[in-house]
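Me: Please walk me through this protein structure. Keep it brisk.

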Amino acid sequence: MAFTLIPLPFDDEAIAPAISAETFSYHHGKHHKAYVDKTNAAIEGTDLDGKDLITVIKSARGGNQGLFNNAAQVWNHGFFWHSLSPSAVGPSGDVANKIEESFGSLKELGDKLKEKGAGHFASGWVWLIEKDGKLSVEDSHDAETMADGDANPLLVIDLWEHAYYLDHQNARPSYLDAVVDGHLNWDFAAENLARGTAWTYPG
């Protein structure tokens, strides 16, 4: 069964002005769709046809860079859409406790996400992950993903220019301020923390 372009989990105007409907039309409707289409074309008729996305990513890692790049980007983008929220509702429960233990406060975590994201060279991702009971902020380059590693990803922010250029031009810090301060989905982070394993791409 082929992978599908999953719908955005919110209206395409719900994150504006941080991320506009126009940006989503390109980022989701064209970039994410292209990764889905290329992944499907690459696995059609192979032993990976019908496997789940993380299995495809694991199989391609280190051996088939083209398939890895496209499959990882399918997962990363799906995870990113779910990491966003139209409303600025802060963390609670276990996630809030882990943030205080690992960073001292939500503000310090936010500052770390912004600093790591702004300082990341070229394209990539900035992640909030859980490993061995502790939270940390990590970045990854290009299509690299946390989907199949030994850490549990809780949230991610896309650092590729097409994620923010129409709305913020080349000012990545402005984009990070808007997303980190007002649009991170802490309910999704809580679900990922409670599950303890990587999110399953639902398409």
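Predicted model: local features only at pLDDT ≥ 70, side-chain atom pairs only at ≥ 80, totals over all residues.

Me: How many bridges join β1 to β2?

Reply: Strands are DSSP runs of E, at least two residues, numbered from the N terminus. Two strands pair if DSSP finds at least two bridges between them. Strands β1 (residues 124-131) and β2 (residues 134-141) run antiparallel, and the number of bridges joining them is eight.

Me: Which residue takes a positive phi in the hairpin of β1 and β2?

Reply: This hairpin has two residues between the strands. The phi is near 55 degrees, and the residue is Asp132.

Me: Which side chain meets Lys114 in a salt bridge?

Reply: A salt bridge is a side-chain nitrogen of Lys or Arg within 4 Å of a carboxyl oxygen of Asp or Glu. Here the N to O distance is 2.9 Å, and the partner of Lys114 is Asp181.

Me: Is Lys114 buried or exposed?

Reply: Buried means under 20% relative accessible area, exposed over 50%, partly exposed in between (1.4 Å probe, protein chains only). Lys114 has a relative accessible area of 16%, so Lys114 is buried.

Me: What is the N to O distance between Lys131 and Asp150?

Reply: Their side chains meet in a salt bridge. Lys131 lies in strand β1 and Asp150 in the loop between β2 and β3, so the pair ties together parts 19 residues apart in sequence. The N to O distance is 3.2 Å.

Key
Residues numbered from 1 in each chain as written. Heavy atoms only, no water. Helix = DSSP H or I, 4+ residues; strand = E, 2+ residues; numbered from the N terminus.
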